[in-house]
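This briefing covers the pocket, the cavity and the salt bridges of the model shown below. A question about one residue opens the discussion.

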Amino acid sequence: MANHSESVFSQIAKAPEDPILGVTVAFNKDSDTSKLNLGVGAYRTEEGKPLVLNVVKQAEQKLVNNPSRIKEYLPIVGLADFNKGSAKLIFGADSPAIQENRVTTVQCLSGTGSLRVGGEFLARHYHEKTIYIPNPTWGNHPKIFTFAGLSVKTYRYYDPTTRGLDFKGLIEDLGNAPSGAIVLLHACAHNPTGVDPTIQQWEEIRQLIRSKALLPFFDSAYQGFASGSLDADAKPVRLFVADGGECFTAQSFAKNMGLYAERVGALSIVCKTSDVASRVESQLKLVIRPMYSSPPLHGASIVSTILNDSDLYNEWTLELKAMADRIISMRTQLLEALKAKGTPGDWTHIIKQIGMFTFTGLNAEQVAFMTKQYHIYMTSDGRISMAGLSSKTIPHLADAMHAAVTTMA
């Protein structure tokens with residue numbers, strides 16, 4: 001006789017918290033008034049509040065006021081105007097690949113969904129099943145590609161001694177990768193390090209990748225959010241598209257439009273011919289259909305409205321630059337605060353790194369000390385979200401960093 005008093009799932013172990021999202025769980029349990037959450041990559045205002053862009057509010061109002069708007073299912077590939085606008089944004093409106101119909105774009109569930117759909121497509125249809133990802137990288141990357149059915153290996157990226165790019169190691173590792181291997185590249189504002197190659201280094205990476213017939217897969221989560229310029233942040237991707245070769249790009253609108261919870265993203269695949277692009281799209285549909293059938297409408301409609309209205313688009317670029325500039329200003333203020341305290345070590349990497357995150361160089365023990373003594377929450381690798389800082393909280397962070405470095409050296 002079966003024992004009905006016990007659950008059929010009683011053997012399941014409790015899973016650990018996600019290392020990034022778990023930071024917020026711990027933060028929420030802390031009752032100290034000075035607590036500071038620098039773990040999750042979400043933009044905050046100078047007052048420490050979440051921001052809904054004015055341009056997003058305007059776009060939503062336009063959608064609400066449209067009496068002909070319906071809630072029917074979207075096609076499997078998503079909203080056509082959103083897909084066209086997304087491809088133009090990353091590749092450039094004058095991109096030959098777009099003009100020659102060599103790009104297929106499908107709307108996906110933010111950056112994560114775009115990477116997963118791309119990964120599953122490659123696992124099914126590409127001859128090489130290994131993807132090389134930078135070390136370190138976003139914590140979700142290895143899981144996404146492993147569950148998609150690819151074998152994950154790493155290439156050197158970050159040099160902890162210089163707190164900058166290990167360009168020599170990167171070139172060496174990609175040079176040793178088997179011909180045809182997939183290479184994941186952060187389009188800009190590398191997460192978690194904030195360290196990006198220069199354009200000259202990107203050109204060397206491109207030449208190596210093309211000479212070895214490696215397949216580039218860009219993750220573009222921060223276009224416009226790194227430098228404040230949409231075009232400047234897209235330059236690395238456009239270098240690869242300009243040479244006529246094939247590449248994958250996953251885009252997210254979570255950060256640059258503040259649409260985190262709307263889950264708006266796109267996967268674009270640049271192919272050699274329009275015929276190949278059409279066949280690739282037909283197979284992408286077969287990946288998506290049993291996964292989530294078709295994507296949600298609302299977030300994509302917001303993005304499409306902004307991208308296809310010149311006034312809203314121009315206003316968006318201004319709001320985006322203001323967010324990027326505030327983060328850059330936080331970098332300068334934090335460096336100045338540490339200098340003023342005479343904190344041991346060279347902290348200039350704080351202003352050399354770019355984007356939402358700074359890889360501080362603090363170790364796990366120092367991070368734990370700052371959480372316990374100063375109620376400052378961050379991931380154990382020492383990554384902090386610059387977007388979570390303000391002029392009011394920088395002194396508190398500088399005090400904590402100074403104490404951690406001097407007492408936990």
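Which residues does K255 touch, not counting residues up to four places away in sequence? In this predicted model, K255 touches G41, A221, Y222, F225, Y260, M323 and M356, with that sequence exclusion applied.

**Largest pocket**

- The space in the largest pocket amounts to about 610 Å³.
- Its lining comprises 32 residues, and those nearest the centre are G41, T112, W138, Y222 and K255.
- Helices α5 (110-125) and α6 (140-148) each supply at least two lining residues, and α5 gives the most, with 4 residues.
- Sorted by class, the lining of this pocket holds 15 nonpolar, 10 polar and 7 charged residues.

**K255**

- K255 sits in the loop between β9 (247-252) and β10 (264-270).
- Although K255 is buried, it has no salt bridge; D219, the nearest side chain of opposite charge, is 8.9 Å away.
- Two of the contacts of K255, G41 and Y222, are also listed among the residues nearest the pocket centre.

**Largest cavity**

- The structure contains 1 cavity of 30 Å³ or more, and the volume of the largest cavity is about 50 Å³.
- Its lining is formed by Y155, Y157, L170, L185, H186, P197, W202 and I205.
- The elements giving two or more residues to this lining are β7 (182-186) and α8 (199-211).
- The cavity lining has 7 nonpolar residues, 1 polar residue and no charged residues.

**Salt bridges**

- Across the whole structure, 14 salt bridges are found.
- E172 and R156 form one of them, with their closest N and O atoms 3.0 Å apart.
- Because E172 belongs to helix α7 (residues 167-176) and R156 to strand β4 (residues 151-156), this pair ties together parts that are 16 residues apart in sequence.
- Both partners are partly exposed: E172 has a relative accessible area of 37%, and R156 is at 35% relative accessibility.
- A network of salt bridges links R156, K168, E172 and D173.
- D243 and R206 also meet through their side chains in a salt bridge, at 2.9 Å from N to O.
- D243 lies in the loop between α9 (230-242) and β9 while R206 lies in helix α8, so this pair ties together parts 37 residues apart in sequence.
- D243 is partly exposed, at 31% relative accessible area, whereas R206 counts as buried, at 15%.
- A further salt bridge joins the side chains of D231 and R238, at 3.0 Å from N to O; D231 is partly exposed, with a relative accessible area of 47%.

Note on methods:
Residues numbered from 1 in each chain as written. Predicted model: local features only at pLDDT ≥ 70, side-chain atom pairs only at ≥ 80, totals over all residues. Heavy atoms only, no water. 1 Å grid on protein atoms, 1.4 Å probe; cavity = no way out; pocket = protein on both sides within 12 Å on 5 of 7 lines; lining within 4 Å. Points joined across faces, edges and corners; volume = space filled by probe spheres on them. Nonpolar A, V, L, I, M, F, W, Y, C, P; charged D, E, K, R; others polar. Buried < 20%, exposed > 50% of the residue type's maximum accessible area, 1.4 Å probe, protein only. Lys, Arg positive; Asp, Glu negative; His and termini not counted. Salt bridge = Lys/Arg side-chain N within 4 Å of Asp/Glu carboxyl O. Contact = heavy atoms within 4.5 Å.
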